[in-house]
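Let's take a walk through this structure together, one stretch at a time.

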Amino acid sequence: MVTSRARGRWAALLLAGLTPVVAELTLGNPPLRQAWLLLLWVPIYGAGTVLIRELVRRTGRGWLAILLLGAAYGIVEEGLALQALTSPTIYGVADWAPRILGLNSAYTELNIPYHAVFSVALPILLVDLIVPDLRHRPYLGRTGLVVAGVVFVLGALLLRWTTTFIDPGYQAPPAVLAALVLAIAILAVLALRFAPRSPDVPATAPRTIPTPPVVACLAGVAAFGYLALLFPFGGAQHPAFTQGGWVAVPMVAAALLAVVAGVLLRRWTAHGGWRDRHSLALAGGALVAHTVFGVIANGENTTDRLSLAALGLVMIGLLSLLARRTR
């Protein structure tokens with residue numbers, strides 16, 4: 001019989017392996033023909049998400065803490081390792097929108113929430129649904145927690161080293177790095193000290209909430225809309241095919257979309273009618289929509305788009321199997 005500790009280790013490994021697949025591969029970054037690149041990203045992505053889950057479960061916090069730490073993770077990856085938040089050259093993102101306080105504004109608005117949701121929250125949610133009896137418990141002991149932390153730091157250093165070949169010659173100013181570290185520290189304190197604790201039962205009486213298919217559709221619209229508003233695609237040089245100062249319009253629209261989605265989700269999950277099938281619909285709708293966007297925006301050629309579409313069909317099949325278990 002497999003012990004609970006051994007099952008926890010397997011769940012942690014599953015989460016570590018699933019995270020870069022959800023965050024990068026199913027969006028078409030990289031294309032399927034370069035899937036081996038995930039091996040370079042597992043240390044920072046996988047260990048980072050495992051570390052976040054362990055800290056949140058050990059402190060008894062809830063999903064707000066996961067999202068706050070997910071945003072902190074995004075700053076570590078994009079700000080400290082890749083340094084894409086401030087680089088004037090990498091990926092051409094400095095030309096998407098005006099730079100604000102030295103930050104590539106549209107890229108920052110796109111990627112910090114993206115990492116919080118797709119690199120952290122959704123992989124944790126999926127593994128909680130796959131291994132439901134461990135969802136409220138840490139997967140690892142103290143040694144495992146330390147190992148996850150060490151691997152995460154080494155993964156960030158590895159990513160920083162590889163980025164020197166992608167964006168040679170750029171190094172963020174020390175003042176900027178210090179500000180990013182301070183932002184990470186503030187988010188961590190808010191998450192682990194002030195975020196609400198996870199309740200065992202809903203605090204208020206059940207009320208009508210959307211059915212799982214409706215939740216999936218709304219999650220898909222929110223995910224696709226957010227990406228489409230901020231990520232230039234289809235030959236566009238700026239978000240949503242805008243020019244000049246009009247770039248502020250899709251940026252504000254994306255922020256409002258995120259706020260509305262967050263408020264609705266908070267209301268629905270705070271009441272007794274929310275079930276695992278709703279959570280799976282939420283994750284599935286967001287994942288399918290972001291893969292559809294990847295097919296449209298990320299495919300360099302027809303082969304890449306077809307392979308990503310095929311991966312999306314496999315993902316839908318796996319989500320369907322999980323839905324049968326959830327019922």
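Start with valine 221, which sits out in the open: its relative accessible area is 57%, and since anything over 50% counts as exposed, valine 221 gets that label. You'll find valine 221 in helix 7. Along the chain, leucine 257 is 36 residues away from valine 221, yet the C-alpha atoms of the two are separated by 9.8 Å. Keep in mind as we go that what you're looking at is a predicted model.

Stay with helix 7 for a moment, and bring in helix 9, which covers residues 276-297. The two pack at an angle of about 35 degrees, and their axes are 7 Å apart. Their crossing is right-handed. On the helix 7 side, the contact includes Pro212, Val215, Ala216, Ala219 and Gly220. On the helix 9 side, among the residues taking part are Arg277, His278, Ala281, Leu282 and Gly285. What kinds of residue make up the contact of helix 7 with helix 9? They divide into 15 nonpolar, four polar and one charged.

Beyond helix 7, the chain runs through a loop to helix 8, and glycine 234 is found in that loop. With a relative accessible area of 66%, glycine 234 is exposed. Its C-alpha atom is separated by 9.4 Å from that of asparagine 298, a residue 64 places apart from glycine 234 along the chain. Further along the loop between helix 7 (212-230) and helix 8 (248-269) is phenylalanine 241. Phenylalanine 241 is exposed too, at 51% relative accessible area. Its backbone is worth a look: phi is near 60 degrees, a positive value in a residue other than glycine. Most residues other than glycine have a negative phi.

Look for glutamine 83 in the loop between helix 3 (63-81) and strand 1 (99-100). Is glutamine 83 buried or exposed? Its relative accessible area is 2%, so glutamine 83 is buried.

Most peptide bonds are trans. The bond joining asparagine 29 and proline 30, though, is cis, with omega about 5 degrees. Proline 30 lies in the loop between helix 1 (4-23) and helix 2 (38-59).

Helix 4 is mostly covered, with 23 of its 26 residues buried. At 1.5 Å a residue it should span 38 Å, and its end C-alpha atoms are 37 Å apart, which agrees. Still, helix 4 does bend, by about 35 degrees at tyrosine 114.

Threonine 108 has 16% relative accessibility, so it counts as buried. Apart from its neighbours within four places in sequence, proline 113 is in contact with Thr108 and Tyr226. Glycine 70 is 43 residues from proline 113 in sequence, while their C-alpha atoms are 7.9 Å apart in space.

Finish with helix 5, which covers residues 142-166. Its 25 residues reach 36 Å from the first C-alpha to the last, close to the 36 Å expected at 1.5 Å a residue. Among the buried residues of helix 5 are Gly144, Leu145, Ala148, Gly149 and Phe152. An α-helix has 3.6 residues a turn, so residues three or four places apart point the same way. What covers the buried residues of helix 5 includes helix 2 and helix 3.

Key
Residues numbered from 1 in each chain as written. Predicted model: local features only at pLDDT ≥ 70, side-chain atom pairs only at ≥ 80, totals over all residues. Heavy atoms only, no water. Buried < 20%, exposed > 50% of the residue type's maximum accessible area, 1.4 Å probe, protein only. Helix = DSSP H or I, 4+ residues; strand = E, 2+ residues; numbered from the N terminus. Contact = heavy atoms within 4.5 Å. Expected span 1.5 Å × (residues − 1). Bend = angle between axes of the 7 residues up to and from the residue. Axes fitted to C-alpha atoms, helices over the stretch in contact; angles between N-to-C directions. Left-handed = near helix turned anticlockwise from the far one by under 90°. Nonpolar A, V, L, I, M, F, W, Y, C, P; charged D, E, K, R; others polar.
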